[in-house]
Amino acid sequence: RREGGDASVKALGAVTAVRRGAAAVTVTVHGKTAEALITVTADHPYDLVYHTFDGTSPSLWRLDIREAEESPTRLVPDREGAHVVPSPDGSRIAFVSGAPDAGIWVANADGSDAREVVIGSRWSPVYQPAWSPDGTKIAYTRDIATGGGEQIWIVDVETKMTLATTDAHGTGHSWPTWSPVPIDGAYRIAYAQKIGSRSEIWSMREDFTDARAVTQGNDRYDTQPAWSPDGQTIAFQRATISGFDIWLVDAEGGNELGLVGLDLAGEQSTPRWSPDGKLVAFASKHETYGQATRLWQIYTLRATGGGLARRTSGAVDK
């Protein structure tokens, strides 16, 4: 006999985990009874970092998805923050803070020792930070509002020196993400490239040469790329007349696959990979709360498809 829906018990006593939580298992054999409490945790070895927005200001949070019923922890409580991303080694985070003159900030993983590395302004906002594989540089998007359009810039985290920009390559570049491993002898940056009324996923070497199209098409708007940990696949958001969904594509192009494939209502956005490459996290507002209000929450899917799980809750957008 068991109490709780977090594990199942076979006739011969094998216990199988169903979901995170706890289940009390009682066994009776020849009139003797024993009881055991089974605690089910997830083995995904990472924390989920994200921001919430309560209608006034965004704030940063960290959630350990391995533990059942774990509560999120506020990061950098004395500062608002958005667009948060962990460094490759997990020791630091980068985020956007300081609206309306928001800049790129870096802090320790626990939110301590926050410092600004890129100064922004309302006339030239910066956003979408992305760490280099060695954690020494950050690529980000800068919007030159006075006609320059969106450009990708790279800054040295320690010296705060600008290392490169795409201003000589036109405009419409955004959402940079670094390959975790070298490809053809160099790290590459995947990004969204606006072309007229559409957007495609492209990649280029980290010195901004050898730009290549990864996705192409006139009836779609592809953006928000995220490189898988093995460098073989890029997750991205695709917008079509049917809606906004998460897709996968080979890093060199081809083998495009709609990952969600569940006919979820609303928009699916900002995919991110778990460090082991098994899960893809994304934001979605397909569920309703209260008076049919749709709020952004964080979900995960297996990278092979299926296994949809909501990771956050509460009456604010994530």
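User: How much space lies in the largest pocket?

Analyst: In this predicted model, the largest pocket holds about 1500 Å³ of space. Its lining has 43 residues, and those closest to the centre are Val84, Val85, Pro86, Arg272 and Trp273.

User: Which elements give two or more residues to the lining of the largest pocket?

Analyst: They are strand 6 (47-53), strand 9 (82-86), strand 13 (126-131), strand 17 (173-178), strand 21 (221-227), strand 25 (268-273) and strand 26 (279-284). Strand 6 supplies the largest share of the lining, five residues.

User: How do the residues of that lining divide into nonpolar, polar and charged?

Analyst: The lining has 28 nonpolar, ten polar and five charged residues.

User: Where do nonpolar side chains tend to be in soluble globular proteins?

Analyst: As a general idea, they tend to be buried together. Here, the largest nonpolar core has 16 residues, of which Ile104, Val106, Val118, Trp131, Ile138 and Tyr140 touch the most other members. Two or more residues of this core come from each of strand 10 (92-97), strand 11 (103-108), strand 12 (115-118), strand 13, strand 14 (137-144) and strand 15 (149-156). Strand 13 gives the largest share, three residues.

User: Which residues is Ile138 in contact with, leaving aside neighbours within four places in sequence?

Analyst: With those neighbours set aside, Ile138 is in contact with Ala94, Ile104, Val106, Pro129, Ala130, Trp131, Trp153, Ile154, Val155, Val157 and Trp178.

User: How many residues are in the second, separate core?

Analyst: That core has 13 residues, including Ala235, Trp273, Phe282 and Tyr299. Trp273 is also among the residues closest to the centre of the largest pocket.

Methods:
Residues are numbered from 1 along each chain as its sequence is written. This is a predicted model: local features need pLDDT of at least 70, side-chain atom pairs count only at pLDDT 80 or more; totals for chains, interfaces and linings use all residues. Side-chain values use heavy atoms; hydrogens and water are left out. On a 1 Å grid over the protein atoms alone, a cavity is a set of points where a 1.4 Å probe fits but cannot get out, and a pocket is an open set with protein on both sides within 12 Å along at least five of seven lines; lining residues have an atom within 4 Å of a point. Grid points are joined across faces, edges and corners, and a volume is the space filled by probe spheres set on the points. Helices (H or I, at least four residues) and strands (E, at least two) are DSSP runs, numbered from the N terminus. Ala, Val, Leu, Ile, Met, Phe, Trp, Tyr, Cys and Pro count as nonpolar, Asp, Glu, Lys and Arg as charged, and the others, Gly among them, as polar. A nonpolar core is a set of buried Ala, Val, Leu, Ile, Met, Phe, Trp, Tyr and Cys residues joined through side-chain atoms within 4.5 Å. Buried means under 20% relative accessible area, exposed over 50%, partly exposed in between (1.4 Å probe, protein chains only). Contact means heavy atoms within 4.5 Å.
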